[in-house]
Amino acid sequence: MEPRYNLQERTQRSYEQFLTRYPAYYKTALLDELRASEYARLDQQRHVYLDYTGGGLYARSQVERHLELIGGAVLGNPHSANPTSTRTTSLVESARKAALAYFGAVEDYALVFTLNASGALKIVGESFPFGPGGEFLASADNHNSVNGIREFARAKGARVRYAPVVAPALRLDVEATRRLLDDAGGGEKLFAFPAQSNFTGVKHPLALVEEARQRGWRVLLDAAAYTPTNRLDLRQVRPDFVTLSFYKMFGYPTGVGALLVHRASLALLRRPWFAGGTVNFASVGAMAHVLARNEAAFEDGTLNYLSIPAVEIGLRHLEAIGIEVIATRVQCLTGWLVEELLALRHSNGRAMVRLYGPSTNEDRGGTVTMNLYDPAGHLLDYRRVEELAGEAGISLRTGCFCNPGAGECAEGLTEEEMLAGYAMGDDINLQSFLRLMQESGLNKSAGAIRASIGLVSNWEDARRFVEFIEGFRDQTRLAIGEVTFDVDSCRVIRDGS
Ligand SMILES: Cc1ncc(COP(=O)(O)O)c(C=O)c1O
């Protein structure tokens with residue numbers, strides 16, 4: 001069924017052109033029905049939600065089913081054998097099995113429930129046997145919760161390096177990465193990269209997982225931004241460690257993530273401490289403990305046992321829709337959005353939007369990051385843009401999205417410039433750094449505007465966003481800084497040249 005919108009004639013024509021260009025969108029019509037029944041709050045409030053990379057949206061029925069489940073059961077702390085505890089354990093284990101099955105990982109992987117993706121990443125960081133002769137190699141495009149692992153590596157004397165991404169598409173430099181993977185010592189080595197960038201939406205090549213493993217590396221695949229709109233099949237791609245947050249996939253519950261560990265790599269991890277629930281044996285007199293040999297060794301204290309059953313409900317919800325349908329819709333909308341944004345021009349012909357990341361929808365997801373420029377090439381203040389978007393009923397995200405590497409590469413920020421920011425000590429934050437860049441006349445932005453598309457996004461969301469951005473045509477009011485920049489050539493313009 002073709003989705004119906006109450007559109008003006010121009011909009012109708014534009015919608016028809018979109019459908020002609022992206023006919024696969026027809027096949028995703030069930031998402032419109034789902035949006036009307038399960039996510040009606042969006043259209044009731046005329047809200048355009050474009051922060052799916054920040055957090056997914058939940059269907060009403062997910063919450064209702066969860067309430068029904070926990071409202072009708074007597075559930076106690078799972079660390080016991082009484083009936084309420086046993087019931088909780090069976091719900092938790094059922095969710096664990098459902099999640100393993102969802103990722104095709106029943107046989108070979110253990111699943112550790114964590115607080116979120118960051119919690120999962122921290123477990124890998126603190127437990128990986130880094131040491132002299134070992135290494136932590138990360139793609140420059142990584143969330144800070146991956147970057148933070150370098151502190152564990154450094155503290156244990158391992159080498160830390162970054163694999164570069166290349167502007168303007170900000171894809172991983174695969175050849176340079178291979179060289180870095182080849183140039184390694186004999187100690188334990190961990191290579192970490194995101195399956196999909198939370199900054200640019202780039203899908204980095206999953207083939208690198210096997211390439212790195214063949215070279216003796218352990219691989220950590222951060223799948224937090226990838227899993228909401230793509231199938232991750234661990235029968236096909238076999239990293240040692242996978243990290244994710246469930247709320248990004250289906251909105252509810254928050255507070256639960258997962259670390260999937262290949263069983264062959266489980267014994268490699270050495271926890272720096274033990275806690276309630278993680279040990280088979282612990283003695284005060286003998287000052288000794290024996291960690292559990294399975295995922296329990298990583299689940300400190302009491303699990304979020306009331307929320308975990310909602311993970312299974314969320315997974316069933318995604319399965320009923322089909323992640324491929326979501327992927328198709330996101331691809332169509334992203335392709336159109338990117339084309340429309342890049343086509344926007346001021347009256348003098350200058351581009352209005354500078355996109356960070358791929359300019360086509362090949363090997364990219366629905367995260368579209370940009371900055372806006374005025375007709376003279378002055379950067380517009382993205383913080384005001386976000387405020388104005390809010391007033392127009394559009395939820396965007398601005399800033400650096402906890403991904404400094406992608407941002408630095410996107411803006412060409414040098415080590416010296418970043419060190420100048422670091423030298424500001426406790427006064428440094430995104431705002432003061434931005435000021436520093438403007439005052440030094442560099443006109444570099446240390447942040448951007450991110451619109452991300454997801455599960456129940458529709459063309460009308462994308463259209464309203466483009467219309468909002470169009471409103472900045474010939475605008476000079478929000479310009480910051482004096483230096484002018486030509487978006488088309490990606491060059492600072494000096495002396496009017
Ligand atoms: C790629 C990526 N990794 C890790 C994280 C951290 O997720 P969380 O904040 O749920 O721990 C995020 C969050 O946006 C992300 O996009």
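Predicted model: local features only at pLDDT ≥ 70, side-chain atom pairs only at ≥ 80, totals over all residues.
Reader: Which residues of helix α6 are buried?

Author: Helix α6 covers residues 117-127. Its buried residues have cover that includes the strands β2 (109-114), β8 (218-222), β9 (241-245) and β10 (257-262). The helices α7 (144-147) and α8 (149-155) are also part of that cover. The buried residues are A117, G119, A120, L121, I123, V124 and G125.

Reader: At what angle do the axes of α4 and α13 cross?

Author: Helix α4 spans residues 60-71, and helix α13 spans residues 308-321. Their crossing is right-handed. The axes come within 10 Å, and the angle is roughly 145°.

Reader: Which residues of α13 does α4 meet?

Author: By class, this contact has 4 nonpolar, 4 polar and 1 charged residues. From α4 come Q62, R65, H66 and L69. In α13 they meet P309, A310, I313, G314 and H317.

Reader: Why is one side of β13 and of β17 left without a neighbour in the sheet?

Author: The sheet is open, has 4 strands in the order β13-β14-β18-β17, and pairs them antiparallel. From one strand to the next the twist averages 30°. β13 (353-356) and β17 (397-399) stand at the edges, so one side of each lacks a neighbour: each has a single partner strand.

Reader: What is the bridge partner of V353 in β14?

Author: Strand β14 covers residues 367-372 and runs antiparallel to β13. The two strands are joined by 4 bridges. In β14, V353 has as its bridge partner L372.

Reader: Which residues of β13 point the other way from V353 and L355?

Author: In a regular strand, side chains alternate between the two faces of the sheet. In β13, V353 and L355 point one way, and all the residues named here are buried. Pointing the other way are R354 and Y356.

Reader: Which helix lies across β13 and β14?

Author: Look at residues 323-343. This helix runs at about 140° to β13. The helix lying across both strands is α14.

Terms used: Residues numbered from 1 in each chain as written. Axes fitted to C-alpha atoms, helices over the stretch in contact; angles between N-to-C directions. Left-handed = near helix turned anticlockwise from the far one by under 90°. Contact = placed C-beta atoms within 7 Å. Nonpolar A, V, L, I, M, F, W, Y, C, P; charged D, E, K, R; others polar. Pairing = 2+ DSSP bridges. Buried ≥ 20, exposed ≤ 12 C-beta atoms within 10 Å, placed from the backbone.
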